[in-house]
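Keep the picture open while you read.

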Amino acid sequence: MTVSPLTLSARDGIDASVDRGIRAIVSGAASGETCATELAAAPWTFDAAPGYGPGASMGDVIPAGAPRQGALPAQYREASEDELHQRIRDAKAALGSRLVILGHFYQRDEVVRHADYVGDSFQLANAAKAHPEAEAIVFCGVHFMAETADLLSGPDQAVILPNLAAGCSMADMADIDQVEDCWEQLEDVYGPLDQRDADGLLPVIPVTYMNSSAAIKGFVGRHHGIVCTSSNARTVLEWAFARGRRVLFFPDQHLGRNTAKAMGVPLEAMPMWNPHRPLGGSDEPTLRDARVILWHGFCSVHRRFTVEQIEKARAEHPGVRVIVHPECPMPVVDAADEAGSTDVIRRAIEEATTPTTFAIGTEINLVQRLAAQHPQHTIFCLDPVVCPCSTMYRIHPGYLAWTLEELVAGRTVNRISVPADVAEPARLALDRMLACVPQAPARRA
Ligand code: SF4
């Protein structure tokens, strides 16, 4: 049986820390494999280098203008882990209700332990909304999540991303200029895109996954479109099909394909749009027959999961329950027992009443935490190679301590602000989603 040693220790209730596990693998203290030994180092050692950093996105091409993080002061780089945790606790106590810390499911355990709320990106943005008294919302996640929190929070609240290098390679795959260019080309194929046909339908409704920049959400809002999450993608697509002949779905091709396929849309009616090729690499007849045009984007974390991993899990663990995230490629979703958002995965494990073996296809930090929290079950990540999300990994307790102590000193660093001309239509796209789908709340940590 080959199971990540990280998962084995977590299953025994010993340790939920992916970071400590990686360091143990790299030092030779534990067996196992990691996709990048540099992960054992602190993020500031590679913040100055271009790229997404070690982890699942390290092979992706980062846009030239992606935000970079300035140097972290030495006192935080040189502090011990225990000292950083104490400084974070002290700063939190000093700030009291002026501060809310949000921690995404995929954050390292050393950061999540300080969060007031833990959840997915939209749950967390909504949690911030419930704290109008907080002057600062520190979002331990990635850039598009902090933007969404800024859209949903009050104008006097500062949303802070502890490390500006924490972007998202998938969100970066749909650049606003590329999307505007795509829209112009689609207008050449379908005619005026704001003109309804005899049935009252628009030629194309743009739908963007929450994992996209505020600029993309604003584009969608301006063009009769809507935002979706991995929990509500089907309901949102139904909303869009009630208003348009077809959907342009970005940035994640897999969520779009998996969702539309489950709704009965044939694969041949789902052409891919590659922004680097004329007509997205498609042709006019195909685009005219399309029901869902899929943007050529993907999550490098979820693309690591394979059908072979599922077959191996089934061979080694008869009766295993395989649950994967819908950002995984279609054959993986088809081979799994269930597919669902991070929240669906978490609830499935919580609701299992008898000891069960789960093989999970999502980010290792969440899998590891679930395994530690539920020792009555056997829970392991389908991918035996430990390879966290590169950009989530950029948030380290050192950056959290720095941003909090700056707040205590009356200074706001790393604030994420969405310009008003983008924010207004982006909120419209989010409001359309809220009007058609109620959201599950984030949990207090
Ligand atoms: S897990 Fe994937 S979609 Fe989420 S932040 Fe990382 S790269 Fe982006």
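A strand here is a DSSP run of E with at least two residues, a helix is a run of H or I with at least four residues, and both are numbered from the N terminus. Two strands pair if DSSP finds at least two bridges between them. Residues are numbered from 1 along each chain as its sequence is written. The model is predicted, so local features need pLDDT of at least 70 and side-chain atom pairs count only at pLDDT 80 or more, while totals for chains, interfaces and linings use all residues.

Q: How do you know that strand 6 and strand 8 pair?
A: The rule asks for at least two bridges. Six bridges join strand 6 (residues 202–209) to strand 8 (residues 244–250), and the two run parallel. Val204, for example, stands opposite Arg246 in strand 8.

Q: What makes strand 7 and strand 9 edge strands?
A: The open sheet has five strands in the order 7-6-8-10-9, with parallel pairing. Strand 7 (226–228) and strand 9 (272–273) each have a single partner strand, so one side of each is left without a neighbour in the sheet.

Q: Where do the domain bounds come from?
A: They come from an automatic or database domain assignment. Domain 1 is 5–34 + 302–386, domain 2 is 38–169 + 389–414 and domain 3 is 174–286.

Q: How do you know that domain 2 touches domain 3?
A: Eight residues of domain 2 are in contact with seven residues of domain 3. On the domain 2 side, the largest share, four residues, comes from helix 7.

Q: What makes a residue part of the shell around the ligand?
A: The C-beta atom, placed from the backbone, must lie within 6 Å of the molecule. By that rule 14 residues surround the ligand, and the closest are Cys168, Met170, Cys299, Val301 and Cys389.

Methods:
Two residues are in contact if their C-beta atoms, placed from the backbone, lie within 7 Å.
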